[in-house]
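Let's walk through this fold together, from its sheet to its core. Have a look at the chain first.

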Amino acid sequence: MRDGMICVETYGSELEAEMALGQLQAMGITAVMGRDDSGGMYPQLDQVVGISVLVYQEDAAQARAILTGTGGDGSGAWTCPACGEEGEPGYDACWKCGRERM
Ligand SMILES: [Zn+2]
């Protein structure tokens, strides 16, 4: 993991993570894949740890918007366009600032 990068999404497989990386890089966002290497000590946790996608902090809100915007049915987590807060799935307005989901 590089300094200043944060995890925006975690995927259950490398393939899904690679697709997410491709989407972000196509939008000009620097993104890397992060593997949680604690699997060596706790191999039984491999399935739940997953592959994280990391971006620089200043790109995080945009990255989340891109990843959730291509999520398909739109019922998943989303990011408020006004304040950047993560919205709860199933809600159509931001719990923090009241901005409607786009
Ligand atoms: Zn908000």
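How many bridges join strand 2 (residues 31-35) to strand 3, and do they run parallel or antiparallel? Five bridges join the two strands, which run antiparallel.

## Ground rules

This is a predicted model, in which local features need pLDDT of at least 70 and side-chain atom pairs count only at pLDDT 80 or more, while totals for chains, interfaces and linings use all residues. Residues are numbered from 1 along each chain as its sequence is written.

## Overall layout

The protein chain comes to three helices and five strands. Helices (H or I, at least four residues) and strands (E, at least two) are DSSP runs, numbered from the N terminus. From that end on, the elements run β-α-β-α-β-α-β-β.

Of the 102 residues in the protein chain, 20% are buried. Here a residue is buried if 20 or more other C-beta atoms lie within 10 Å of its own, exposed if 12 or fewer, and partly exposed in between, with C-beta atoms placed from the backbone. Among the contacts with a separation of 6 or more, 45% come from residues 24 or more positions apart; two residues are in contact if their C-beta atoms, placed from the backbone, lie within 7 Å.

Three strands form an open sheet in the order 1-3-2, and the pairing is antiparallel. Strand 1 and strand 2 stand at the edges with a single partner strand each, so one side of each has no neighbour in the sheet. Neighbouring strands are turned by 35° against each other on average, direction ignored; axes are lines fitted to C-alpha atoms, for helices over the stretch in contact, and angles run from 0 to 180 degrees between N-to-C directions. Helix 1 (residues 14-26) packs on this sheet and touches strand 1, strand 2 and strand 3, its direction making about 20° with that of strand 3.

Two strands pair if DSSP finds at least two bridges between them. Strand 3 (residues 51-56) is mostly covered, with five of its six residues buried.

Helix 1 has 13 residues and reaches 18 Å from its first C-alpha to its last, close to the 18 Å expected at 1.5 Å a residue (the expected span is 1.5 Å times one less than the number of residues). Its buried residues are A17, A20, L21 and L24. They lie on the same side of helix 1, because they cover an arc of only 105° around the axis, taken from the directions from the helix axis to the C-beta atoms. The face turned away from that buried side carries the exposed residues L15, G22 and A26. Just after helix 1, G28 takes a positive phi of about 85°.

The largest nonpolar core has 13 residues, of which A20, L21, L24, A31, V53, V55 and A63 touch the most other members. Such a core is a set of buried Ala, Val, Leu, Ile, Met, Phe, Trp, Tyr and Cys residues joined through C-beta atoms within 7 Å. Helix 1, strand 3 and helix 3 (60-69) each give two or more residues to this core. Leaving aside neighbours within four places in sequence, A20 is in contact with E9, Y11, V53 and L67.

## Y91

Finally, Y91 sits in the segment after strand 5 (86-87). Y91 is exposed, because 10 other C-beta atoms lie within 10 Å.
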